[in-house]
Amino acid sequence: MWNHVEKRLAEYVDGRLPAAEAARVASHLEHCARCRGRCEAVRFNARLLAELPGAAAPSGLWAAIERSLPEPRSSPGFMPMLRWSAIVGMLAVGALGFTRTVPAPEPAMGTCGSPSGKARYRCEVARVSWPARDGRAAVVPAAAANVAACGHCHRN
Amino acid sequence: MSTTGSLVEQFPAITRPGGGPPGPARAAAGASAGAELIRACQAGDREAFRELFELSKDRVYTFALRSTGNAAAAEDVTQRVFLKLMQRLGEFRGGSQFTTWLYRIVVNECVDEHRRGRRITGGEEDLARVAAPGDGMEAGILGREVSRAVQAAIASLPPKLRMPLLLRYADELSYEEIAQVMACSAGTVASRLNRGHKLLAEKLEAWKECVR
């Protein structure tokens with residue numbers, strides 16, 4: 001019976017409590033001077049705040065804001081296009097830098113194109129990069145000159 | 001309070017104070033016009049943004065002034081709010097009311113201003129500015145002295161208690177709207193309102209007999 005209702009007063013005054021709860025609070029307020037005083041204070045605060053007059057924004061405010069705003073767009077479709085162009089450009093530059101900084105692969109032991117396929121060589125850059133249609137390994141074309149350094153391949 | 005009468009037509013949800021609830025047809029027309037204006041702003045239309053500024057500047061400034069109690073701080077806050085609004089308007093997807101979204105920016109800026117620890121609760125001149133109605137505004141029934149006392153009391157509360165009180169009773173947002181603005185639950189809003197009322201009542205105790 002004697003549970004104080006201070007924690008429900010804002011909702012009570014604002015009419016947010018369910019009917020049964022509101023009735024319980026109202027009943028309590030009839031008997032409890034302390035909570036009744038608090039409830040009056042909530043109503044008083046609410047009234048004072050609601051009646052605070054407003055103020056007009058200073059007149060030069062827009063000018064100050066406009067100075068800080070970015071330049072207006074020349075056309076709706078231009079900026080996104082420019083932005084995308086910049087992104088593509090940056091990616092291209094990045095990719096170029098990447099290819100230049102990534103070290104070349106180490107020369108690998110490969111299988112030359114001899115019919116037996118068993119001869120092995122170490123002719124520097126003659127790294128096998130893709131299989132030829134006949135199943136033989138193909139050498140990187142740019143490395144063909146170095147094949148001369150391979151005894152077996154040079155012989156063939 | 002009707003600092004921004006034309007806002008009723010553009011943004012019915014935030015302009016109930018003083019104007020009463022708009023009719024359904026008027027509200028629908030207003031919401032539609034408001035949505036169109038926001039779309040134009042999102043498309044980069046500077047004139048539309050100017051219109052949005054004109055419609056909401058007094059409300060933003062008034063809230064900032066009540067919250068900070070300082071005219072210079074309120075002006076700075078208002079300026080920052082509109083710059084942020086310009087930057088972030090593209091993020092607004094209409095999932096919440098525009099006004100709730102705007103209030104969130106305003107409240108965050110006021111809290112930031114408080115964190116900077118400067119100029120909160122201005123001098124007599126600033127408080128008088130809050131208390132004194134400007135041109136074309138209703139005078140209100142409170143005397144200047146009482147308004148000044150209320151303003152000083154509210155500005156002295158911690159922001160997390162001050163904001164819900166202002167949003168609820170001065171700007172008439174619902175508990176749910178305040179919860180969205182402050183990123184908390186409606187229950188938390190109720191709890192903060194109760195605590196805020198208690199502190200405010202202590203500060204305004206002496207004025208009880210003067211205002212009847």
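In the predicted model described here, helices H7(B) and H10(B) are oblique to each other, a word used for angles that are neither under 35 degrees (roughly parallel), nor over 145 (roughly antiparallel), nor 65 to 115 (roughly perpendicular). The two helices pack at an angle of about 135°, with their axes 10 Å apart, where axes are lines fitted to C-alpha atoms, for helices over the stretch in contact, and angles run from 0 to 180 degrees between N-to-C directions. Helices are DSSP runs (H or I, at least four residues), numbered from the N terminus. The crossing of H7(B) and H10(B) is right-handed, meaning that the near helix is turned clockwise from the far one by less than a right angle. On the H7(B) side, B:Ala149, B:Val150, B:Ala153 and B:Ile154 meet B:Leu200, B:Lys203 and B:Leu204 of H10(B), contact being counted where C-beta atoms, placed from the backbone, lie within 7 Å. By class, this contact has 6 nonpolar, no polar and 1 charged residues, with Ala, Val, Leu, Ile, Met, Phe, Trp, Tyr, Cys and Pro taken as nonpolar, Asp, Glu, Lys and Arg as charged, and the others, Gly among them, as polar.

The axes of H3(B) and H4(B) come within 8 Å and cross at roughly 140°, and these helices are therefore oblique to each other. Their crossing is right-handed. Among the residues that make the contact are B:Phe49, B:Phe53 and B:Val60 of H3(B) and B:Val77, B:Val81 and B:Phe82 of H4(B); by class, the contact has 13 nonpolar, 2 polar and 1 charged residues.

H8(B) is followed by B:Glu172, whose phi is positive, near 60°.

Chain B averages a pLDDT of 79, and 72% of the residues score at least 70, on the predictor's scale of confidence in each residue, from 0 to 100. Over residues 12–23 of chain B the pLDDT is below 50. Where pLDDT is low, the predicted coordinates should not be read in detail. For the complex, the predictor gives an ipTM of 0.78 and a pTM of 0.66.

Residues are numbered from 1 along each chain as its sequence is written, while chains are lettered from A and ligands numbered from 1 in the order in which they are written. In this predicted model, local features need pLDDT of at least 70 and side-chain atom pairs count only at pLDDT 80 or more, whereas totals for chains, interfaces and linings use all residues.

Note on methods
Two residues are in contact if their C-beta atoms, placed from the backbone, lie within 7 Å.
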